[in-house]
Amino acid sequence: MFASPLPQGVGYAVVFALGFGLAVFINLITWTQAKFSDFSPNSASEFSAASRSLKTGLVVSGIFSSVGDLVQITLFGYCK
């Protein structure tokens, strides 16, 4: 058997802290964009197609990457 070096609660705390930190970081980026940019984060088109400021190939490559990840997880399952 494998003995865990830390208690289970520490693992949950780390996951919670990372999630909370990421949420704060994303909110700071959104606030900065709203304050110093011409683009509004309240616009639906801002998040659906990056305000059309990105080239089509870059958006398509992001979509293919996401689909590739989904296919890999579906076919091979999670790594254990």
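**Exercise 1. State which residues UniProt lists as "transmembrane region" and describe that span in the model.**

Solution. The UniProt record, an unreviewed entry, gives residues 12-31 for this feature. Its positions follow the numbering used here, its feature names are shortened, and annotations may be inferred rather than shown by experiment. Now turn to the coordinates. This is a predicted model: local features need pLDDT of at least 70, side-chain atom pairs count only at pLDDT 80 or more, and totals for chains, interfaces and linings use all residues. Numbering starts from 1 along each chain as its sequence is written, and side-chain values use heavy atoms, without hydrogens and water. Residues 12-31 are 100% helix and 0% strand. Their end C-alpha atoms lie 29 Å apart. Helices (H or I, at least four residues) and strands (E, at least two) are DSSP runs, numbered from the N terminus.

**Exercise 2. Give the element order and the surface totals of the protein chain.**

Solution. Count elements: three helices, zero strands. From the N terminus the order is α-α-α. Next, take the surface. The accessible area is about 7,300 Å² (Shrake-Rupley, 1.4 Å probe; for residues, only the protein chains shown count as cover). Carbon and sulfur atoms hold 70% of that surface. Of the 80 residues, 5% are buried. Buried means under 20% relative accessible area, exposed over 50%, and partly exposed in between.

**Exercise 3. Classify the two aromatic pairs.**

Solution. Rings of Phe, Tyr and Trp (its six-membered ring) pair if their centres lie within 6.5 Å; planes under 30 degrees apart are stacked, over 60 edge-to-face, the rest tilted.

- The structure holds two such pairs. Phenylalanine 16 and phenylalanine 20 have centres 6.4 Å apart and planes at 15 degrees, so this pair is stacked.
- These two residues are four apart in helix α1 (residues 8-36), so about one helical turn separates them. Phenylalanine 16 is exposed at 62% relative accessible area; phenylalanine 20 is exposed at 52%.
- Tryptophan 31 and phenylalanine 36 are edge-to-face, at 6.4 Å centre to centre and 85 degrees between planes. Both residues are exposed.

**Exercise 4. Locate the charge over the ring of phenylalanine 36.**

Solution. The criterion is NZ of Lys or CZ of Arg within 6 Å of the ring centre and within 35 degrees of the ring normal. The charged end of lysine 35 sits over this ring, 5.9 Å from its centre.

How values were computed: Buried < 20%, exposed > 50% of the residue type's maximum accessible area, 1.4 Å probe, protein only.
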